[in-house]
Amino acid sequence: MMESWIHQLGVIVSATIEVAMIATITVGTAHALWRVLDCVVHRQALATAIREIWLHYASWILLALEFALAADLIKTVIAPDWEEIGQLGAIAAVRVVLGYFLGRDVAEYRS
């Protein structure tokens with residue numbers, strides 16, 4: 001009974017976090033596109049603004065990756081078998097590596 005309730009709660013929480021991840025990517029993408037279009041419409045030099053646009057967009061992606069990792073951690077806790085745990089672990093590892101390198105790139109460009 002208790003195990004079933006925890007499993008259902010985990011599914012709901014991880015799905016909610018995944019929705020937050022999708023919303024984060026959507027908002028970040030919309031903002032980046034808006035900034036690019038604003039530069040084009042106002043005939044501003046896109047080449048000079050692209051670094052700032054990329055840095056801002058990369059920050060949104062990093063946040064989304066953190067949400068994705070949180071959802072993966074919850075799914076791992078409620079995964080019923082070792083095969084699913086292995087798959088989730090591999091996905092989480094890829095996301096951690098992506099987040100690390102993207103974060104490093106952002107830090108280099110900001111300095």
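User: What counts as a helix or a strand here?

Analyst: Helices (H or I, at least four residues) and strands (E, at least two) are DSSP runs, numbered from the N terminus. This is a predicted model, in which local features need pLDDT of at least 70 and side-chain atom pairs count only at pLDDT 80 or more, while totals for chains, interfaces and linings use all residues. Residues are numbered from 1 along each chain as its sequence is written, and side-chain values use heavy atoms, with hydrogens and water left out.

User: Which pattern does the protein chain follow along the sequence?

Analyst: The pattern is α-α-α. The protein chain has three helices and zero strands.

User: What makes the protein chain more spread out than a compact globule?

Analyst: The radius of gyration is taken over C-alpha atoms, and the globule rule is 2.2 Å times the number of residues to the power 0.38. For 111 residues the rule gives 13 Å, and the protein chain has 18 Å, which is well over that, so the chain is more spread out than a compact globule. Along the principal axes, the C-alpha atoms fill a box of roughly 60 × 25 × 20 Å.

User: Why is Arg43 called exposed?

Analyst: Buried means under 20% relative accessible area, exposed over 50%, and partly exposed in between (1.4 Å probe, protein chains only). Arg43 has a relative accessible area of 78%, so it is exposed. Arg43 lies in the loop between helix 1 (2–41) and helix 2 (46–78).

User: What is the phi of Arg43?

Analyst: Arg43 has a positive phi of about 50°, although it is not a glycine. Most residues other than glycine have a negative phi.

User: How many of the residues of the protein chain count as buried?

Analyst: Of the 111 residues, 23% count as buried.

User: Why is the pair of Tyr100 and Phe101 called edge-to-face?

Analyst: The structure holds one aromatic pair. The ring centres of Tyr100 and Phe101 are 5.0 Å apart and their planes stand at 75°, so the pair is edge-to-face. By definition, rings of Phe, Tyr and Trp (its six-membered ring) pair if their centres lie within 6.5 Å; planes under 30 degrees apart count as stacked, over 60 as edge-to-face and the rest as tilted.

User: How do you know whether Tyr100 is buried or exposed?

Analyst: Tyr100 has 52% relative accessibility, so it counts as exposed. Phe101, at 39%, counts as partly exposed.

User: Why is Val36 called partly exposed?

Analyst: Val36 is at 25% relative accessibility, so it counts as partly exposed. Val36 is found in helix 1.

User: Which residues is Val36 in contact with, leaving aside its neighbours within four places in sequence?

Analyst: Contact means heavy atoms within 4.5 Å. With those neighbours left aside, Val36 is in contact with Leu46 and Ile53. Val36 and Ala23 are 13 residues apart in sequence and 20 Å apart in space, C-alpha to C-alpha.

User: What makes Glu18 partly exposed?

Analyst: The relative accessible area of Glu18 is 25%, so Glu18 is partly exposed. Glu18 is in helix 1. Leaving aside its neighbours within four places in sequence, Glu18 is in contact with Ala71 and Lys75. Glu18 and Ala70 are 52 residues apart along the chain, and their C-alpha atoms are separated by 8.8 Å.

User: Where does Ile91 lie?

Analyst: Ile91 lies in helix 3 (residues 82–110). With a relative accessible area of 38%, Ile91 is partly exposed. The C-alpha atoms of Ile91 and Leu69 are separated by 8.6 Å, and the two residues are 22 apart along the chain.

User: Among contacts between residues at least 6 apart in sequence, how many join residues at least 24 apart?

Analyst: In the protein chain, 75% of those contacts join residues at least 24 apart.
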